[in-house]
Structures are given as C-alpha cells and as structure tokens.
Amino acid sequence: DDHDHHDGNADHELRVSKIQDGTVIDHVHGGQALNVLAILGIDGSEGEEVSIGMNVPSDRLARKDIVKVEGRELSQDEVDVLSLIAPDATINIVREYEVIEKHRVERPDVVEGVLSCPNRGCITTGDEPVTSRFEVLEDGVRCAYCETIVRDEIASLIETN
Ligand code: CTP
Ligand code: ZN
C-alpha cells in the first residue's frame, strides 16, 4: 500500500482480528459503526458473526470505526446507502483471509426504499404503499415527493423492516 501503513501502526496493535471470508467496511467516520450495522440490518439476533472497532486511531481520518462481517458480501444497494453516512468508507471483500477486492463507496444520485421520510404528511408515510425516494445532495438527502431535506440525521431515517 503506497499511501499509508497499517492504521494505528504495527500488527501488534491490530485491535480486531482478521476475518476469513466476508466484508470489511473500513474508514467509517468515528461513531457511525452502529449505523452501518443498522443499514445492513444486523442486530446480532440471527447469529451473524461481526466485529466492530470504534474510534480507533487512523492515518486517514482522525478516528475511524471499522466493521467486519464474516460470511457476507454487500449488495450495491447496501453500499449506496452506506455512502450516505460513511462517505470515505472502503469496502474490502475478503476470501481465505486475503483482500481480493477493495473499493471506495460512491454516493448515488437517488436512494429508493431504504429511508423513510420524516414528514408525517408525506405521501410515502401514509397507509397506501409508496416506495420512498430520496435525491442525494452534497450535504444531505431530499424527499422526491415532499422535498423535505434531511442533513444530519440520515441514519435515523433508515427503514427498519
Ligand atoms: N482485513 C481483515 N481480515 C483480513 C484481511 C484484511 O479484517 N483477512 C482488514 C484489515 O485489518 C484492514 C482492512 O481489512 O482493516 C483492509 O486490509 P488491507 O487492504 O490489507 O489493509 P490496508 O492496505 O491498510 O488498507 P487501506 O489501504 O484501505 O487502508
Ligand atoms: Zn417526503
């Protein structure tokens, strides 16, 4: 790796064990790890094997969170929503302990069916099923139906099914 070394220095400081097969979501802004889990629908109740580091030292960010999910690769939809709360995240696909794929998240133009509008009067929050649709702005998201803009509390809009 040409730009940095191990975040937080040498191997002996590795705080969260390596995984065998799955996904490492790295360089998540400090404090967002639980929101990452919410987006992935992980609450531990289904026996998912997950390791989390919170507010660990990082070269690239002052402090970062890291989430390692064993036995799971993420869908593009999940990655798109992750980008809203973790814009600098790196997604690492691990197989047999090796990182076989690494990519940065990219903010999508639109997210559908994953966030719920905070406006109680919005057509998407009524009884008739209307799939939510938010346009992604530089600094937040805007409901495509009622134009409500949410900037800071995006994670709180995540639909928990
Ligand atoms: N990782 C892991 N299990 C593995 C392999 C890697 O948990 N079997 C983790 C590493 O601890 C690291 C991340 O996945 O947090 C990315 O691994 P790697 O690409 O080897 O590290 P870096 O080169 O430091 O990554 P970057 O350049 O993205 O910072
Ligand atoms: Zn709305």
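The text below takes the domains, then the helix, then the sheet.

This is a predicted model, in which local features need pLDDT of at least 70 and side-chain atom pairs count only at pLDDT 80 or more, while totals for chains, interfaces and linings use all residues. Residues are numbered from 1 along each chain as its sequence is written, and chains are lettered from A and ligands numbered from 1 in the order in which they are written.

The chain splits into two domains, with bounds from an automatic or database domain assignment.

Contact requires C-beta atoms, placed from the backbone, within 7 Å. Helices (H or I, at least four residues) and strands (E, at least two) are DSSP runs, numbered from the N terminus. The C-alpha centres of the two domains are 25 Å apart.

Helix α2 spans residues 76-85, and its V79, D80, V81, L82 and L84 are buried (20 or more other C-beta atoms within 10 Å of the residue's own, C-beta atoms being placed from the backbone). These buried residues pack against elements including β1 (22-29), α1 (33-40) and β4 (90-95), as well as β6, β7 (133-137) and β8.

An open, antiparallel sheet holds 4 strands in the order β6-β7-β8-β9; strands pair if DSSP finds at least two bridges between them. Because β6 (110-112) and β9 (149-150) each have a single partner strand, one side of each lacks a neighbour in the sheet. β8 (residues 140-143) pairs with β9 over 2 bridges, and V141 faces V150 of β9.

Conventions: A residue is buried if 20 or more other C-beta atoms lie within 10 Å of its own, exposed if 12 or fewer, and partly exposed in between; C-beta atoms are placed from the backbone. Two residues are in contact if their C-beta atoms, placed from the backbone, lie within 7 Å.
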